[in-house]
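Hi,

Here is the structure I promised to pass on. Have a look at it first, and then read my notes below.

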Amino acid sequence: MLEGILIGLTTALSLTNILMVIGGCLIGTFIGMLPGLGPMSIIAIMIPVAISIGDPSTALILLAGVYYGAIFGGSTSSILLNAPGVAGTVATSFDGYPMARAGKAGKALTIAAIASFAGGTIGAILLMIFAPMLSNVALLFHSAEYFALMVVGLSAIAAFAGTGQVGKAILMTVLGLMMATVGEGALYNLPRFTFGLLDLQSGFSFITLAMAMFALPEALFLVMNPARSDPAGASGKITDLRITRAEARAIAPVIGRQSLQGFFIGVLPGAGATIASFLGYAVERNIAPKHEQAEFGHGSVKGLAAPEAANNAACTGSFVPLLTLGIPGSGTTAILLGALIALNVSPGPRLMIDSPEIFWAVIISMYIGNLVLLILNLPLIPYIAKILAIPRTFLIPFILFFTLMGAYIGQNNATELLILVGMGVAATVLRFADYPLAPLLIGFILGRMLEDNFARSMQLYDGISFVIERPMTMGLLVIALLLMVLPSLRARIAKARARGIADGD
Amino acid sequence: MTKISLGRRALIIAATATLGWSTPLLAGGHQVLDSIHFLIPGGAGGGWDGTARGTGEALTSAGLVGSASYENMSGGGGGKAIGFLIENADSQHGTLMVNSTPIVIRSLTGVFPHNFRDLTLVSGTIGDYAAMVVSKDSPINSMADLIAAYDADPKSTAIGGGSVPGGMDHLVAAMVMEAAGKDALNVKYIPYDAGGKAMAALLSGEISALSTGFSEAVDLANAGEVKIIGVTSDERVDAYGDAMTMKEQGIDVNFVNWRGFFAAPGLPAEDLAAYQAAISAMYDTPEWEVVRARNGWVNIHNSGDDFRSFLEQQEKVIGDLMKKLGFL
């Protein structure tokens, strides 16, 4: 292994390759900030460039830089504009955006950068050590377990079921799940609930819904509620990107835990960064002390660090099935697989033996990609954060422009704009009525996978006996139940204790 | 969720503006076209994607075409891209859409309102046989083993595929089982929404066998992950000579999933001729041979009117089969 690392290092550290990784990170960060372009699209753009380079290691190093840059760029638009461009950064906006509104945009971006860096780096170390061993873990999960895992992911909505909001949060989740059923599923060759419209045949697009639920209502809110639009942070304070010692202490264990958990979720083909970020958020909220729990969703540093560390670690984890089995576990790795094959590299168990220099160059380039990203971005953060200091009259059209553009370039379809505006108005009404919108989006994102995996398991087991027959499914469902019940149980116990004799403990 | 579809112009502009690099042009005196934009009606990593990118790679590296760009537009079972091409016909003269057997199947089932007659038929270029594969650790080593396992316990011998029920992977599985004398309606077919997920399910033991494209199976067979137990070709295929054909094993099935290219309706005749000339010239280049051999494709070149009669014939064969199986 040591020899491999050395081969990788010498390959990755040549001048061309370092320039490639820097260029890739910059391109990725800037294009990634546009809501409509996630890592997958950006990598797809860069593939022809990478292939024309010819040398597989250099090409992969460029793509790795683009990949990490794009993930970080995506977090930026989530935090600053409440416009998550990819499903994996939805959870980032839960606490990142409230922080930015409170004038702590610089700090939020710094935490995101550090959590991403740590998640990516820890992920790369785990990948290096465990990749060969983990290839089998990736195959432990059947459709039944994926179904259960999606249920665990849904428990993240508990975080939005604040006092008196439980009913509303459940209502919105169900609405999201219903919206996920629109269109042609993987399991039926007939479109459902499309009203005969070809535009709905493949369902609602994630990006349209995300913009409609988060970014558009936010912009409309700013127009209709001017009092909100002058955050304390619109002053020079915004450049304050220092993290206090207490905050660093608070997020360090979160980052550690979520890097590990995120990595292992990422290893499963078909789970990926989105589930990792929701789960990370849910788990951290549930294990946080009571007074910190209330902060989640209102600008908690832990609530920001958790999904950022988790989704980066998961992205790295998704390289395990790609490199060791040749199975792309996510859309992004599917594109990378295409690039690898175009470069005459076939990933699989023999990659490590046949072309160790490529295997190790990829892993080393992940470290370098992460490091370069951190070095490049930390000095840039004050300038990026200044976006929020733009006067409202310019900022709102800016947000609207990016929101509409994001929905359009994703699909090349003008109908998306109508759907976006219609849903955005509906979402604004819901916000005024104090309905949480995040559960709707979570339900929508997880709904399709939940249904597909559930239906497949039903088909395989001729009924729902898989819940009993597969202990791991049962185990995951129990965890989901605990995650949903524990918080209220804890609250009740605390209340009971407070009411009882004050023998204290 | 694995949708990617990119605004072509926006991206090309973004990519070139950010990079300031131009795609290197290979000096070739025989360049036929400046550029081709490939429209791929499905996600990255699938069969359509591989065909478009492979063809683009061969055309550009052989110097027949200056540059190639690619756009994935999934949705509606490919109907979205077809609709897009028809709707924007006037502005899409530079676009070639890749498609294959499913355009025939899906217009038969009415998944989308259009069929191949609504497009300009450029050329059928390649075919890919279908294959039945099992995991490397599976006790099944041949079609006879698979059928024996099916006879012993049809319920736990699930066959997976990367298409919806009634889609191509399912039709092939049904065709094979029918030819082996079984009732295809009793075969438990489990659909997955992406080839990668179906392959993971096969390796994890969730399904007993996988109906998939031969070229997709070859990559994994070469990596030692799966065994190919039957190919729907008449003769063994050079790309993976160890794989037995269905016919060798007494199952009389021949199936080729053709792939080819379509252009927007109303394409000017000289543009059509240029595309067809570039594709015809491609077959003689060593660059094409590299791509073709790597993917295990079979050259089946049908240009223009030949392509039309080929499609009409296939429409009839598949239509009859689907009626027999109860899908129509």
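What follows is a short tour, starting with how to read the model.

This is a predicted model, where local features need pLDDT of at least 70, side-chain atom pairs count only at pLDDT 80 or more, and totals for chains, interfaces and linings use all residues. Residues are numbered from 1 along each chain as its sequence is written, while chains are lettered from A and ligands numbered from 1 in the order in which they are written.

Chain B first. It holds 11 helices and 10 strands (DSSP runs numbered from the N terminus: H or I of at least four residues for helices, E of at least two for strands). Of its 328 residues, 56% count as buried, meaning that 20 or more other C-beta atoms, placed from the backbone, lie within 10 Å of the residue's own; exposed means 12 or fewer, and partly exposed is in between.

Chain B is divided into domain 1 (8-127 + 257-325) and domain 2 (129-249), with bounds from an automatic or database domain assignment. Their C-alpha centres lie 27 Å apart. The contact between them takes 14 residues from domain 1 and 18 residues from domain 2, a contact being two C-beta atoms, placed from the backbone, within 7 Å. On the domain 1 side, H4(B) gives the largest share, four residues.

Next, helix H10 (residues 286-295) of chain B. Trp288(B), Val291(B), Arg292(B) and Asn295(B) are buried there. Seen down the axis of H10(B), these buried residues fall within an arc of 95°, so they line one face of the helix (the arc is that of the directions from the helix axis to the C-beta atoms). Pro286(B) and Ala293(B), on the other side, are exposed. Cover for the buried face includes helix H2 (47-61) and strand E10 (298-303) of chain B.

Over in chain A, helix H9 (residues 245-267) has 23 residues and spans 33 Å from first C-alpha to last, close to the expected 33 Å (1.5 Å times one less than its number of residues). H9(A) bends by about 25° at Ile251(A), with Pro253(A) following within four residues; the bend is the angle between axes fitted to the seven residues ending there and the seven starting there.

Finally, the largest nonpolar core has 265 residues, and Ile43(A) and Leu63(A) touch the most other members. Such a core is a set of buried Ala, Val, Leu, Ile, Met, Phe, Trp, Tyr and Cys residues joined through C-beta atoms within 7 Å.

Cheers
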